Amino acid sequence: MAEPARPAAPPAPVETNMTAIYIRVVVVEVIVLLSLYWLQRVYS
Amino acid sequence: MRWLDWSVVIVYLVWVVSSGIRASRRTDELDGYFRANRSLPWWAVGLSVMATQLSAITLVGTTGKAYADGMKFVQIYFGLPIAMIILSVTVVPFFYRANVYTAYEYLERRFDLKTRTLAAFTFLIQRGLSCGIIISAPSIILSIVLGWSLPVTIMVIGLPTIAYTMVGGVQAVTWTDVKQMGIILFAMGSAVTVLIWGLPKGMSTSTALHIAGAVGRLQSIDTSFNLHTDYTMWSGMLGGLFLMLSYFGCDQSQVQRYLTAKSVDSARHSLLVSGFAKIPLQALILLTGVLTFAFFLFNKNPMLFNPVYERQVLASPRGEEYRALESEFDRNFQTRQSAALALADAQKDTSSPAYASARTSFQTAQADVAGVRSRAVKLVREVTGDSTYTDGNYVFPTFILTYMPIGLMGLMIAAILSAAMSASSGELNALATATAIDFYRRHINPKAPDSSSLFFSKAATAFWGLFACVAAYYAANLGSLIDTVNKIGSLFYGSILGVFILALGFKRANGHGAFYGLVAGLVFVFVFAFHPATKSISYLWHNLIGAVVCVVAGLIVSAVTGGSTSQSSAHNRV
């Protein structure tokens, strides 16, 4: 006997990888601070 | 200002008020009015978070600081990205899932009513005053532009802001913030273009920056560990970290922004927008101030940038003294201009003796100009009695009114209004929310229906708007506005942060500990900030000190009074 059709499973919630975003924030900060330091060295 | 500039400003004011009111949905319910039914996208909330922090002080005061002192101010934001990460991990999911309207509401669940009330009261006083300072900056500019009295210009800014904040609540605030950020960014881009365009023919932006850098205007990182210097890398990384943790994590004007996001992750993303963009944006604004300095090396500027005080001094018995200084300034200005051009020429070969000589000549000429200006400021202070007068706040407005082309001048004024309105609307909304939720619905009328609470909230918005307008009038002469708003905030922020650290980090902390810890932190910081022996220590450290004193005192009192109280069980339920 065929199984009764099951209701479609609700879509799995999309999980954001926050750790990757936090690392990106830190990387961007380091780049910005190095840029400011470069600006200070080159133009002073 | 010409008719086109006036038209731009009027169209802006009408557009922002009407669009703010139209953007509101279901504001007849408390959740819609205070939290936008938790429906706003992360990018809009993120821009609103930034717009609330980016006030007219940021445009006017910061560019003035860069003109006078260089880019050191950027260091105050060095702790911000790390603070955003810490808050995203800890406080954001906590508040969001606690389903609260205000940050202080949670303190009653965790501790007791007195702690909640004191924290909310501290917020109201501190934010009410800060909101006044935020309105005062553009009011000063408008009073110079229009020749109107300060109270009138304060009302021109305050009343439209009160109108759309009152009617539309947090949704009106958020969506107008988004538009206002767009106007500010476009206007700043236009200002940078005009500044570069105004450099002498053939002079590159890089050469202009080299000239400004020769007198320290590109100095942005100070690695010395000097507690008495306001802005160092360490005061920014540590003191600034605590300032940002408290401002974004415990201040209702920011907490309310991310409580409107669709989900916890959306709320986190909205904060991280600042983590990514705040330092670059602030560096660009400071760089605009540095370019303004370079611009005024080659384009004549008045000796002092406040024409009202200049007229007062000239009309006084010491007017002749001022005129003599002006003549000396004119001569020094010409000498400095020639020295700057010579330095630009010598820039082609930086290893030559001619370059070293040109650089020294320019530095001497700049010191001479600064010396005359310093004597003129002293004279103004003596004649007007305004002992805190600083010229920096008037530099960028003078550039706008003297050199921006028709139409763009109006756009710049609209941008300054945008910055003032976006920052103050967020704060008015938060002040009204705390007044309604933490006082009206808790102390005065706990069974109030939504309609009554909404009516009270709107009345509270109007009250705080008018309070801020009065505070703005008295804030106009408080010296560098950007410093003033941060100094006032730093008296309170650390201690409030300490209470939340006790709440979230120490299960044994109880209500008595939190309350007396907060009192101890506030008292200690106030004494520390004004005591002759310690008042010269940079205000950024007040944030760290307040938090530490509050936590230590809170833990001691909690231990003495028997540890965790029954309310603390709510800690686990939230």
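**Exercise 1. Find which residues of H14(B) meet which residues of H16(B), and classify the crossing.**

Work on the predicted model.

Step 1. List the contact. Tyr309(B), Gln312(B) and Val313(B) supply the H14(B) side. Leu379(B), Val380(B), Val383(B) and Thr384(B) supply the H16(B) side.

Step 2. Take the geometry. The two axes come within 10 Å and cross at roughly 70 degrees.

Step 3. Classify. Angles of 65 to 115 degrees count as roughly perpendicular. H14(B) is therefore roughly perpendicular to H16(B).

Step 4. Sort the residues by class. The contact of H14(B) with H16(B) has five nonpolar, two polar and no charged residues.

**Exercise 2. Check the span of H16(B), then say what its buried residues pack against.**

Step 1. Count. H16(B) covers residues 353-384, which is 32 residues.

Step 2. Compare the spans. At 1.5 Å a residue, 46 Å is expected. The helix reaches 46 Å from its first C-alpha to its last, close to that value.

Step 3. Pick out the buried residues. Among them are Tyr355(B), Phe362(B), Gln366(B), Arg373(B), Leu379(B) and Val380(B).

Step 4. Find their partners. The buried residues of H16(B) pack against H4, H10, H13, H14 and H15 of chain B.

Step 5. Look past the end. Gly385(B) follows H16(B), and its phi is positive, near 80 degrees.

**Exercise 3. Decide whether Tyr322(B) is buried or exposed, and list its contacts.**

Step 1. Locate the residue. Tyr322(B) lies in H15 of chain B.

Step 2. Apply the cut-off. Buried means under 20% relative accessible area. Tyr322(B) has 0%, so it is buried.

**Exercise 4. Classify the crossing of H5(B) and H13(B), and describe the contact.**

Step 1. Take the geometry. H5(B) spans residues 80-89 and H13(B) spans residues 264-298. Their axes come within 8 Å and cross at roughly 170 degrees.

Step 2. Classify. Over 145 degrees counts as roughly antiparallel. H5(B) and H13(B) are therefore roughly antiparallel to each other.

Step 3. List the contact. H5(B) contributes Leu80(B), Pro81(B), Met84(B), Ile85(B), Leu87(B), Ser88(B) and Val89(B). H13(B) contributes Arg268(B), Leu271(B), Leu272(B), Ser274(B), Gly275(B), Lys278(B) and Ile279(B).

Step 4. Sort by class. The contact of H5(B) with H13(B) has nine nonpolar, three polar and two charged residues.

**Exercise 5. Identify which members of the largest nonpolar core touch the most other members, and trace the contacts of Leu36(A).**

Step 1. The core holds 200 residues, and Leu36(A), Phe95(B) and Phe399(B) touch the most other members.

Step 2. Find the main contributor. H13(B) gives this core its largest share, 19 residues.

Step 3. Trace Leu36(A), not counting residues up to four places away in sequence. Its contacts are Met71(B), Val74(B), Phe78(B), Ser220(B), Ile221(B), Ile279(B) and Ala283(B).

Step 4. Check for another core. A second, separate one has seven residues, including Leu30(B), Ala436(B), Ile437(B) and Leu454(B).

**Exercise 6. Say what stands out in the phi angles of Ala36(B) and Asn37(B).**

Step 1. Recall the background. Most residues other than glycine have a negative phi.

Step 2. Read the angles. Ala36(B) has a positive phi of about 55 degrees. Asn37(B) has a positive phi near 55 degrees.

Step 3. Locate them. Ala36(B) lies in the loop between H2 (30-35) and H3 (42-53) of chain B. Asn37(B) is found in the loop between H2 and H3 of chain B.

Step 4. Ala36(B) is buried, with 0% relative accessible area.

Note on methods:
Residues are numbered from 1 along each chain as its sequence is written. Chains are lettered from A and ligands numbered from 1 in the order in which they are written. This is a predicted model: local features need pLDDT of at least 70, side-chain atom pairs count only at pLDDT 80 or more; totals for chains, interfaces and linings use all residues. Side-chain values use heavy atoms; hydrogens and water are left out. Axes are lines fitted to C-alpha atoms, for helices over the stretch in contact, and angles run from 0 to 180 degrees between N-to-C directions. Helices (H or I, at least four residues) and strands (E, at least two) are DSSP runs, numbered from the N terminus. Angles under 35 degrees count as roughly parallel, over 145 as roughly antiparallel, 65 to 115 as roughly perpendicular and the rest as oblique. Contact means heavy atoms within 4.5 Å. Ala, Val, Leu, Ile, Met, Phe, Trp, Tyr, Cys and Pro count as nonpolar, Asp, Glu, Lys and Arg as charged, and the others, Gly among them, as polar. A nonpolar core is a set of buried Ala, Val, Leu, Ile, Met, Phe, Trp, Tyr and Cys residues joined through side-chain atoms within 4.5 Å. Buried means under 20% relative accessible area, exposed over 50%, partly exposed in between (1.4 Å probe, protein chains only). The expected span of a helix is 1.5 Å times one less than its number of residues.
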